[in-house]
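Let's take a walk through this protein, one neighbourhood at a time.

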Amino acid sequence: MLLLTVLFACTIDNNVEKIIETDIDYPALVINPDSVNFGIVQPQETQKEVVTLHNEGQAALDIQNIAIEGAAFTAFSDAPLGLLEPGESAEMILSYTPFNTHDSGWLKVTSNDPTDPVSLVPLEGTGAIPLLIIEPAELDMGWVALGESETDGFTLRNGGAADLEITQSLLLGTEFSNPTPLDLPLTLSPGESTWVDIVYTPPSHGIHNGSLWIESNTPAGNSQANIKGLSSEKPVAICDVDPKQIFPHHETATWIGAASYDPSGAAITEYSWTLIEKPEGSEMYMPNGGANRPGFSPDLAGTYIGQLVVHNEYGEESFPCEATLEAIPRESLWVELFWEYSGDDMDLHILRPGGTLNSNNDCYYANCVGNFLDWGVAGYPDDDPSLDIDDIPGTGPENTNILDPESGMFEVYVHDYPGSVRYESNNVTVRIYLSGVLAWEGSKEISGEDSYVHFASVSWPDQEITPR
């Protein structure tokens, strides 16, 4: 039983925090282990692991529901639903039968533990299954003049956890040849790779397409990769982007088309750039200009694809050329927000460990645009949050980021700011990147004006995300 005490403490910004301990007994669920890895398992075989549920509290623990997510994972024993008295434990046996080379899921335990009413235990397993990866998925041989040849090729890699046996290969397309065929059958151990030469010799003007088919002992049996090449007297669009990878909000890229040309010597008179792919929620567009388009600054992390079509002085149009830009956050914690319908002001809130909403321990529109908060170590800027913009009339995006977060649990909320034009429900999406990698994405329908919706908790430096 806990002793009733009330303590007051002043923080640096003179806010008064109350620390209250009560004499109320409560249950406390502890699950051991807190994550389960079944290891490498042969196909059609089953691996079992035991999970123990223990009540470390002072009151009875009511286990109300146990669910398993992930098709490869099942319960081998009955779920221990009901009451566990203080100090009591119950076991549950889980089983794993591989579906894929890598399977993941969750054990979800719902109880009356007031500190963690829904406990999640990650489940992982690896199937001893071969996986053929053909890189690239589409081989672009580029532009080749008649009578000339271009050589490139594919990498065949075993990305699985068992030996890969390649039994047959087939190259389709008379414009393409393989001067050094594979010595079949060929066995690749996990992680091992081999190379396949492809030679493109166009017999006529036009776009030429082919494919490489590989037969192996993977569950799919057959795998395919496409090949394309171009030979034309049309103008030729040559495109690129520099750099190909940038830090969003800190760097810009230039879409480059100045190397485009016409084989007949005609002048290129028009450069038509279009942004044909961008991350969902992005409001970016291709900058105005001519052959080159500088100053492109992505508003969201992700992949951007620009397409260039050029015209010569006679009005002839080239085949399209595509260039790909990757925007990867440099910050360790990067959170994005966007929503479906405009006229509904949504605000992103990031709470530091132990923080409360609408305080200086909460990064949001009123205090965080321009990086004015001092979190973590006083005077150390890298652990301070920054909100890029408060988007009121549109659909976002809004981004909050921290280069070097302090240790602890960060909370991610979305506030439906009252007084906006739209009062119906809105589909709201949050993405969380950890160390430059998309670690979690979730969407929720928000319909209550002035409501605060809890999306996720982020533990740092553990880099663990708990959906809320």
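This is a predicted model: local features need pLDDT of at least 70, side-chain atom pairs count only at pLDDT 80 or more; totals for chains, interfaces and linings use all residues.

T395 is buried, with a relative accessible area of 15%; buried means under 20% relative accessible area, exposed over 50%, and partly exposed in between, using a 1.4 Å probe and protein chains only. You'll find T395 in the loop between β31 (386–387) and β32.

Residues are numbered from 1 along each chain as its sequence is written, and side-chain values use heavy atoms, with hydrogens and water left out.

Back to T395. Which residues does T395 touch, not counting those up to four places away in sequence? They are E283, F338, W339, E340, Y341 and S342, where contact means heavy atoms within 4.5 Å. With E283 there is also a polar contact, side chain to side chain, at 3.2 Å. A polar contact is a pair of N or O atoms within 3.5 Å; within protein, one must be able to donate a hydrogen and the other to accept it, and residues adjacent in sequence count only if both atoms are side-chain atoms.

**A buried strand**

Two of those neighbours, F338 and W339, belong to β28 (residues 333–339). Seven of the seven residues of this strand are buried, so β28 is largely enclosed by the rest of the structure. In a regular strand the side chains alternate between the two faces of the sheet. Here, L333, V335, L337 and W339 point one way, while W334, E336 and F338 point the other way.

What does β28 pair with? One partner is β34 (residues 426–434), which runs antiparallel to β28 over seven bridges; strands pair if DSSP finds at least two bridges between them. In that pairing, V335 sits opposite I432. Another partner is β32 (residues 398–402), also antiparallel to β28 and joined to it by five bridges. There, W334 faces N401.

**A three-stranded sheet**

Elsewhere, three strands make an open antiparallel sheet in the order β21-β23-β25. Its edge strands, each pairing on one side only, are β21 (240–242) and β25 (293–296). From one strand to the next, the twist averages 25°, an angle taken between axes, which are lines fitted to C-alpha atoms (for helices over the stretch in contact), and running from 0 to 180 degrees between N-to-C directions. Three bridges join β21 to β23 (residues 253–256), and D240 has I256 as its bridge partner in β23.

**Charged pairs**

How many salt bridges does the structure hold? The count is seven, with a salt bridge being a side-chain nitrogen of Lys or Arg within 4 Å of a carboxyl oxygen of Asp or Glu. Side chains of opposite charge can pair when their charged atoms come close. Here are some of them:

| Pair | N to O distance |
|---|---|
| R330 and E331 | 3.8 Å |
| E336 and R431 | 3.4 Å |
| E406 and R352 | 3.0 Å |

In the R330 and E331 pair, R330 counts as partly exposed at 42% relative accessibility, whereas E331 counts as buried at 2%. E336 and R431 are both buried, and they also join E441 in a network of salt bridges. As for E406 and R352, both are buried too.

**Two disulfides**

A disulfide is a covalent bond between the sulfur atoms of two cysteines. Counting cysteine sulfur pairs within 2.5 Å, there are two disulfides. One joins C239 to C321, with S to S at 2.1 Å. This pair links distant parts of the chain: C239 is in the loop between β20 (222–231) and β21, C321 is in strand β27 (residues 321–327), and they are 82 residues apart. The torsion about their S-S bond is about -85°, so this disulfide is left-handed.

C363 and C368 form a disulfide as well, their sulfur atoms 2.0 Å apart. Its torsion is about -95°, so it is left-handed. Are these cysteines buried or exposed? C363 and C368 are both buried, and so are C239 and C321. Numbered in sequence order, the bonded cysteines pair 1-2, 3-4.

Methods
Helices (H or I, at least four residues) and strands (E, at least two) are DSSP runs, numbered from the N terminus.
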